[in-house]
There are 2 protein chains.
Amino acid sequence: MRPLEPLHFAGEVGSWLRTLGPDQDVAVSCRVRLARNLAGYPFVTRLDEKRAGQLAARVRDAIERRGVAGGDPVWVDLPEASGLVRLLLRERHLASRDHAPVEERARVPAGRAVVFATDESSSAMVNEEDHLRLQGLSAGFDLETAFREVGELDQAIENEIDVAYSTRLGYLTACPTNVGTGMRASVMLHLPALGMVRAELEKVFAAAHRTGLAVRGMYGEGSRAAGDFYQVSNQITLGRSEEDLLAELRALVPGIIEFERRVRSLLLEQRRGALEDRVARSLGTLAAARMLSTEDALRHLSHVRLGIALGLVEGHDTKTIDLAAIRIQRGHLQARHPDEAGAGLLDSPARDRLRAGYLRTLLGGGSARGEEGTT
Amino acid sequence: MRPLEPLHFAGEVGSWLRTLGPDQDVAVSCRVRLARNLAGYPFVTRLDEKRAGQLAARVRDAIERRGVAGGDPVWVDLPEASGLVRLLLRERHLASRDHAPVEERARVPAGRAVVFATDESSSAMVNEEDHLRLQGLSAGFDLETAFREVGELDQAIENEIDVAYSTRLGYLTACPTNVGTGMRASVMLHLPALGMVRAELEKVFAAAHRTGLAVRGMYGEGSRAAGDFYQVSNQITLGRSEEDLLAELRALVPGIIEFERRVRSLLLEQRRGALEDRVARSLGTLAAARMLSTEDALRHLSHVRLGIALGLVEGHDTKTIDLAAIRIQRGHLQARHPDEAGAGLLDSPARDRLRAGYLRTLLGGGSARGEEGTT
């Protein structure tokens, strides 16, 4: 088991961010998480810190003995981690907001930890809402890989440790909404074309809700998700098998993906000029701006991602944009510039400058295609 | 006297657009106009078309005999001119809206004409509100040159033709507000920094009004002038000499210019990052966009013009921007692309594309200076 190296998150990114998955033009990534609790321990809300620490040590031992697919695992004890490290774990989707407060002075209860495979394809939060929140991540629309990744981690742990399981109810969890499979599967989708035609997007959301799926914006919860990144996930965990739950997503998501593609084609056909203009301007702004807020940056990255999918951009690919969407977050910016802020976190103008500088270097080389304006 | 060549306005521009004048960082140009009426003719509203034609012929003869400074004059009979030519005259500040309707089918009364020196430094509208509206134009804040240009044209005409003059009132004009000197002098100012600090701009306007000067936006009359281009002009023409009227502008305008410069320095000092960002983004947008409305283009050109004045832009100069502000107008775009629209005027999306194409070529080469973002 490796400790976290200081520059870990400034360097290589997880495999799910590097590899191209199925339907990557619309689907960014899939995530499957399993809630598990150890038999013989109270749930986290009633677990004192001493026992929480013992529980974490048992999990650590189990993983150490069994290993994980995806490379040598990294273990992070959150009480000892800096605010920046906790922020980086969150931005990398390896820890939740509740699990890893980023305030430097926040007291993090003993026993809270994160463990992840080197390639970040599988990971676990220890002593979050449940004793264990296991997670598998995959690129594109590939629920199978994400499910296999988390399943292998689950198997490794359950081979070593007894978990709370009822033959009648299934896996027991701290919150009743997770009882049963303890599973939540989700797909992150990029829906810029549907986002431009609001009424169509509302239809998609309504259809999802009718089949028991939830849709929410990835970044921010406003009227329209920043960058048009949405997460579709199952809500029900009880009374159905894991396979049934995945089947629900498999039944609905390809329709959304096709719908988004159809609207993209339609926009390209009917409003090509305006679309080319939007993509070219966003690329121009990303290549030129000296300060960029996260929201602003996501909006422009979204346009460029759409432009790439439609063949309107040369010199960049989809994964570059998905990687950028992670790296423009404040923790990642700071991790790449350890000398800029001293001990604390950077202030907002400093971050906006670093974000713009990063994107200028990353995207300055590409160019927008389009009919050349004669002059 | 030359006739107007078909591609005149697509080619060279007037000298006042090419040469750098005093205070060009803030002052775009000066204009002095004199209203004159021929003795022995009714004012234009009571002038029948036959006599209006005779009057125009007399003016033409006079100018032909005397010549004008600034090169071989060009004579344009508006009834025979196309809608496009009338539009171009307006965009070049050589004809007014009332004088030169741009609708192809508009019936333009006989006798209406425009005559201008090759370098456009002096010109006259014939049979506008008055029989003659003479004009002198100069680059930067240089009222003397504009006044000298129009004065020479006035002298040439008055040497040949008697004009309506009362020893008590001065020059007689169709509208009483112009009686006396018949003069209106104006300075076009670029006030982007004051525009960013609205309260300061309001102070400038209030001060101008108190001294009998008017301030209005050059492009559009909204709450804030497109591109922050403003025109300051005298309102009173009676009871004072030409020199007195020019002295009013000479007394007030340098203060506005200095005020704008001070606010620019202050912004550069206190908000350098935000200012660099704004300039860089606008340059990026102008170099990238595929469609640009006039208002949008003026806004970005204004930022770049400010950036040039503050040393934040490499590879472009102020005159390039002032020239662009003329050439992005619809008549000029169309004149450069005579084959695009057939007989009529281009539609709005076509213009927006040509405008973006022109600006992309014009400004694509420059770059914004600023601290390089490390990555």
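**View 1. Residue classes lining the second largest pocket.** The lining of the second largest pocket has 17 charged, 16 polar and 13 nonpolar residues. Ala, Val, Leu, Ile, Met, Phe, Trp, Tyr, Cys and Pro count as nonpolar, Asp, Glu, Lys and Arg as charged, and the others, Gly among them, as polar. The model is predicted: local features need pLDDT of at least 70, side-chain atom pairs count only at pLDDT 80 or more, and totals for chains, interfaces and linings use all residues. Residues are numbered from 1 along each chain as its sequence is written, chains are lettered from A and ligands numbered from 1 in the order in which they are written, and side-chain values use heavy atoms, leaving out hydrogens and water.

**View 2. The second largest pocket between two domains.** Domain 1 (6-265) and domain 2 (271-368) of chain A both contribute lining residues, so this pocket lies between them. Domain bounds come from an automatic or database domain assignment. In total, 46 residues line the second largest pocket; A:R90, A:H93, A:R97, A:R216 and A:M218 lie nearest its centre. On a 1 Å grid over the protein atoms alone, a pocket is an open set of points with protein on both sides within 12 Å along at least five of seven lines; lining residues have an atom within 4 Å of a point.

View 3. In chain A, 9 strands form an open sheet of mixed pairing, in the order 1-3-4-5-6-2-9-11-10. Strands are DSSP runs (E, at least two residues), numbered from the N terminus; two pair if DSSP finds at least two bridges between them. Strand 10 and strand 11 (residues 229-234) of chain A pair in the antiparallel sense over 5 bridges. A:G217 has A:Y230 as its bridge partner in strand 11 of chain A.

How values were computed:
1 Å grid on protein atoms, 1.4 Å probe; cavity = no way out; pocket = protein on both sides within 12 Å on 5 of 7 lines; lining within 4 Å. Helix = DSSP H or I, 4+ residues; strand = E, 2+ residues; numbered from the N terminus.
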